[in-house]
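Me: Could you walk me through the packing and the enclosed spaces in this model, and say what each term rests on?

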Amino acid sequence: MVALCYNNFVMTHTYNITGLTCNGCVNKAKSQLLKIGSITAAHVQLDPPQAAITMQKHIPVTVLQEALHKAGDYAITEANTMMPHDAAEENKASWFATYKPILLIGAYISGLTLLIELFRNTFGMDNWMQNFMAAFFLVFSFFKMLDLTGFAENYATYDIIAKKWRAWGVLYAFIELALGIAYLLRLNPLLTNGVTFLVMCISITGVMQSVFNKKKIQCACLGVIFKLPMSTITIIEDTLMIIMSAAMIVSLV
């Protein structure tokens with residue numbers, strides 16, 4: 001995906017389309033794409049055979065492909081105009097830019113929760129972890145809520161439960177919100193940590209499968225507002241939550 005811009009959460013993606021042979025094909029493909037509710041504009045061309053699609057929320061390629069099948073024997077894939085010899089260098093240069101949102105959020109949450117403990121004069125590890133978990137779940141659920149349907153669709157591409165039960169993606173965002181509130185208010189710590197441990201163990205399973213199988217898919221940890229590729233960073237994030245919840249369970253029993 002090479003063209004991507006956000007303006008009030010409107011994004012433009014570039015795709016390759018095979019099977020286009022004439023302007024009639026272009027018009028039919030464009031007409032079908034524009035019938036998809038969240039698409040606001042679609043520029044389809046023959047040379048090169050591509051489409052620049054502007055959408056109000058993330059739309060899976062499978063949905064675009066289904067629409068194009070109604071127009072003819074066309075296949076759509078995400079475009080990659082990066083030259084092979086430049087790819088490695090570009091990836092190194094853009095690593096921080098790619099993961100900047102999640103790195104900044106992690107730094108903010110860690111820094112602010114550590115400051116709370118420092119101003120209490122005594123550093124309490126359990127108290128810090130509960131504040132960290134509260135902030136983590138509240139912030140991450142917020143970004144998922146910005147486009148709940150888009151998150152659920154993207155989450156279903158790799159989560160082991162959401163693949164079979166699409167509603168799990170919607171429910172997951174509310175579970176994160178509930179856990180954030182529970183940690184913030186210190187509601188039944190043993191139950192709260194138990195649910196966290198279970199949910200994060202389920203979540204990390206699909207993440208690890210995707211990373212180890214080298215699937216190039218979008219991570220849904222921050223919803224679909226930020227374009228974050230699935231990587232070991234997601235594994236580290238989930239593992240940290242599992243370790244923290246397990247540590248607090250051990251301290252409570």
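Reply: Contact here means heavy atoms within 4.5 Å. Leaving aside neighbours within four places in sequence, L222 is in contact with P101, I102, I105, F140, F143 and L228. The model is predicted, so local features need pLDDT of at least 70 and side-chain atom pairs pLDDT 80 or more, while totals for chains, interfaces and linings use all residues. Residues are numbered from 1 along each chain as its sequence is written, and side-chain values use heavy atoms, with hydrogens and water left out.

Me: What makes a set of residues a nonpolar core, and which members touch the most others in the largest one?

Reply: A nonpolar core is a set of buried Ala, Val, Leu, Ile, Met, Phe, Trp, Tyr and Cys residues joined through side-chain atoms within 4.5 Å, where buried means under 20% relative accessible area (1.4 Å probe, protein chains only). The largest such core has 42 residues, and I102, Y155 and L222 touch the most other members. Helix 3, helix 4, helix 5, helix 6, helix 7 and helix 8 each supply at least two of its residues; helices here are DSSP runs of H or I with at least four residues, strands runs of E with at least two, numbered from the N terminus. Helix 4 gives the largest share, 9 residues. Another core lies apart, with 22 residues, including L20, A42, A67 and Y74.

Me: How do you know how the span of helix 6 compares with the expected one?

Reply: The expected span is 1.5 Å times one less than the number of residues. Helix 6 has 19 residues and reaches 27 Å from first C-alpha to last, close to the 27 Å expected. Its buried residues, among them W168, Y172 and Y183, pack against helix 4, helix 5, helix 7 and helix 8.

Me: Why is a space called a cavity, and how many are there of 30 Å³ or more?

Reply: On a 1 Å grid over the protein atoms alone, a cavity is a set of points where a 1.4 Å probe fits but cannot get out; lining residues have an atom within 4 Å of a point. By this rule there are 2 cavities of 30 Å³ or more. Of its 16 lining residues, Y172, S203, C221, E237 and D238 are the closest to its centre.

Note on methods:
On a 1 Å grid over the protein atoms alone, a cavity is a set of points where a 1.4 Å probe fits but cannot get out, and a pocket is an open set with protein on both sides within 12 Å along at least five of seven lines; lining residues have an atom within 4 Å of a point. Grid points are joined across faces, edges and corners, and a volume is the space filled by probe spheres set on the points. Buried means under 20% relative accessible area, exposed over 50%, partly exposed in between (1.4 Å probe, protein chains only).
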